[in-house]
Amino acid sequence: MKTRIENVSRRDFFKAGAGLTLALVLPSARGAAARVAGPGIAGSAPAVAAAFEANAFVRIGTDSTVTVLAKHLEMGQGTFTGLATLVAEELDADWAQVVVEGAPADAARYNNLFWGPAQGTGGSTAIANSFEQMRHAGATARAMLVEAAAGRWKVAAESITISAGVVSHAPSGRTAGFGELAEAAAALPLPATVTLKDPKDFTLIGKHAPRKDSVAKTTGRAMFTQDVKLPGMLVAVVAHPPRFGATVRGVDDTAARAVPGVVEVVRIPSGVAVLAGDYWTAKKGRDALQVDWDETAAWRGSSAQLLADYRKLAATPGAVARNDGDAEAALGKADKVVEAEFAFPYLAHAAMEPLNCVMKLDADGCEVWNGEQFQTVDQAVVAAILGLKPEQVKLNMLFAGGSFGRRANPKSDYLVETAHIVKAIGGRAPVKLVWSREDDMRGGHYRPLYLHRLRAALDATGRPQAWSQRIVGQSIMLGSPFESLMIKDGVDATSAEGAANLPYAIPNLAVDLHTTNALTKVPVQWWRSVGSSHTGFATEVFIDELALAAGSDPVAYRLELLAAHPRHAAVLRLAAEKAGWGTPLQAASDGGRRGRGVAVHESFNSFVAQVVETTAAADGSFRVDRVVCAVDCGIAVNPDVIRAQMEGGIGFALAAALSGEITLRDGQVEQSNFHDYTVLRINEMPAVEVHIVPSAEKPSGVGEPGVPPLAPALVNALYAATGKRIRRLPIGTQLQS
């Protein structure tokens, strides 16, 4: 099948700026940039025919191009570059000859090894679960190329070397490119075993390598879902209920159908869809709809009321997430007890690219184009709606313009909606569903609202003898396909992570959890760094309060309690050293009060410490001047990508700390877009330094761990500057009151 895909607007933008001709017809297009997001760009075979497909992850063409099939979504985090680095390292390929394609949906070949028989991207697992698998794929291809050369040159395989994509036999002076040997290699059996490199021999891992997606993205050639245009395709927008839990009682679509260009109006379980040849016409049609919403079962509460209800729950014990010793007994006889309450709002994902999905139904099955993050789940759910087998749902993984967890929806919400629309029109046209940012920001799936209540007992020396932490909030796993795996004895592990595994040496430590899904119908979902997005704040602000109550330096106090956790301690020491902890801060030229704060946190098996420097003005305003970050994520596959992820995570976390908040009143979300749910502006971004701890441990994730320490380190810095403690996020104008 050949499908013509065109994009006009973004192409025109770049044509105007750079004089490029960027019309794209695939799969006949050639070149690495054109294939960087394939096969999803064409939904077809790779552009360059593979002469040698060593395994599910590596193809080598007769032109010596090495194509790496990436099983994980590239959403800005650098996965395509990281996976390609692993293959190229063991293959001894030239970095320039390596291109990357998104792998098709196939859990048997492309499952996330940490998730069992499921393909998907999330939890900062892309490199961590692929580290040996992708290296093995590269090493296998290398061994077969060597064997092919040995057969052609009638020499021992052991006498052949490969460097920068050139196969050589030094004694005879013969050389060959991969492409010359590809067909011969393809005829060989797979080697029974291969030996991976000793890390001391790495030439790409740990070194600088340009990102594989940068050129395509900066020249407009990269394909996102919004770029996809299929012949006869209709664009759909959906009128969703104004309150969660409401349904359609009736609809008058007369005015909508009268809008020139509107093709169809259909009712689906989640609302009313209007279809037209383009987005703006469909939106005009939606605006003209007269929908009678049945709000009998709608939730009409507010976030303020929820917080009040959570406070009542926090007075009673929840399900036990951790229970070391007897915290209550130790608190009862303590010399000194410190207590604090922390509150966290709902948060939106607010990715730059709006939610979207293209779906085509025909006699052979269904084909989907999407920034696909959850292949196995989405495939099964879409198939069930359309009455197909999962293997009849072909998913083409395109780039995603950010996600932060949103596109990994456990209920496949926007894919489900697209499937219902395609089904409602009998599959007579491909459909592109577009949620505007307002649709997404008001339509739900947020980081849940949480309340934490903490108490600690200090002995006469100020050392903590007991720690009690009670967490109240919605479970993101309840009702999802992961409920049986992630909820044990009433505890959603993702709600308590970062608290239940608190590393500090405290003999009596209790963490319990109230799950509140019955109190509200607000849809929730994981958000970048998941549970650690709130537990990291509560624990690292509270430990700072304990250090101050003990009259101790916050870094020294933490280090004393982290004696059994050397990786926590190492990043903490490194961040403190690089930040000049213990030395006076330079006075602010404008007379502001300066402060320095610290936090350390483990998430997704990576360890991150951050020191924040801030300046506070007399009117309660403040600026963040500098963030010093130390990260231990095992072997640093691509140091530049790691630094970028820490920097991005710090900016993302800072936006949420400063102003991120979804509020509800009478069951309706009050925010709608970037004007009232702001992301960080460039003038708000502080100077950031990232220091990577050298490590021989296997790589762990970097997409999420940069987020949790920022907000507590900032709040601790503000306390150092002003003496005012912030325990509720976002910070907003709290310093002004």
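Which residue forms a salt bridge with Lys 394? The partner is Glu 367, and the closest N and O atoms of the two are 3.8 Å apart. Here a salt bridge is a side-chain nitrogen of Lys or Arg within 4 Å of a carboxyl oxygen of Asp or Glu.

## Before we start

This is a predicted model: local features need pLDDT of at least 70, side-chain atom pairs count only at pLDDT 80 or more, and totals for chains, interfaces and linings use all residues. Residues are numbered from 1 along each chain as its sequence is written, and side-chain values use heavy atoms, with hydrogens and water left out.

## Charged pairs

Side chains of opposite charge can pair when their charged atoms come close. By the salt-bridge rule, the count comes to 49. Back to the opening pair: Lys 394 lies in strand β17 (residues 393–397) and Glu 367 in strand β16 (residues 365–370), so the two tie together parts that are 27 residues apart in sequence. Helices (H or I, at least four residues) and strands (E, at least two) are DSSP runs, numbered from the N terminus. Lys 394 is partly exposed at 36% relative accessibility, while Glu 367 is buried at 8%. Those words have cut-offs: buried means under 20% relative accessible area, exposed means over 50%, and partly exposed is in between (1.4 Å probe, protein chains only).

Another pair is Asp 590 and Arg 623, with 2.9 Å from N to O. Asp 590 sits in the loop between α18 (566–579) and β24 (593–603), and Arg 623 in strand β26 (residues 622–632), so this bridge links parts 33 residues apart in sequence. Shared partners join Asp 590, Arg 594, Arg 596, Glu 613, Arg 623, Asp 625, Arg 626 and Glu 689 into one network of salt bridges. Asp 590 is exposed, at 52%, and Arg 623 is partly exposed, at 37%. Then there is Asp 213 with Arg 211, whose closest N and O atoms are 2.9 Å apart; Asp 213 is buried at 1%, whereas Arg 211 is partly exposed at 24%.

## Strands side by side

Strands β5, β6 and β7 form an open sheet in that order, with antiparallel pairing. At the edges are β5 (160–163) and β7 (174–177), each pairing on one side only. From one strand to the next, the twist averages 25°. Two strands pair if DSSP finds at least two bridges between them; β6 (residues 166–169) and β7 have 4. One spot to look at is Val 166, which stands opposite Gly 177 in β7. Helix α5 (residues 178–186) lies across β5, β6 and β7, running at about 80° to β7. For such angles, axes are lines fitted to C-alpha atoms, for helices over the stretch in contact (heavy atoms within 4.5 Å), and values run from 0 to 180 degrees between N-to-C directions.

Elsewhere, β3 (residues 66–70) and β4 pair in the parallel sense over 5 bridges, and Val 68 has Val 100 as its bridge partner in β4. In strand β4 (residues 98–102), 5 of 5 residues are buried. Val 98, Val 100 and Gly 102 point one way from β4, and Val 99 and Glu 101 the other. In a regular strand the side chains alternate between the two faces of the sheet.

The whole structure holds 8 cavities of 30 Å³ or more. A cavity is a set of points, on a 1 Å grid over the protein atoms alone, where a 1.4 Å probe fits but cannot get out; lining residues have an atom within 4 Å of a point. Points are joined across faces, edges and corners, and a volume is the space filled by probe spheres set on them.

The largest cavity has a volume of about 150 Å³. Of its 17 lining residues, the closest to the centre are Trp 527, Ser 533, Ala 656, Ala 711 and Leu 729. Helices α16 (532–549), α19 (639–659) and α20 (710–722) each supply at least two residues of this lining. Leu 729 is also joined to Pro 730 by a cis peptide bond, with omega about 0°.

## Two positive phi angles

Ser 412 is not a glycine, yet its phi is positive, about 55°. Ser 412 lies in the loop between β17 and α12 (413–424) and is buried, at 1%. Asp 666 also has a positive phi, near 50°. Asp 666 is in the loop between β27 (664–665) and β28 (668–669) and is partly exposed, at 34%.

How values were computed
On a 1 Å grid over the protein atoms alone, a cavity is a set of points where a 1.4 Å probe fits but cannot get out, and a pocket is an open set with protein on both sides within 12 Å along at least five of seven lines; lining residues have an atom within 4 Å of a point.
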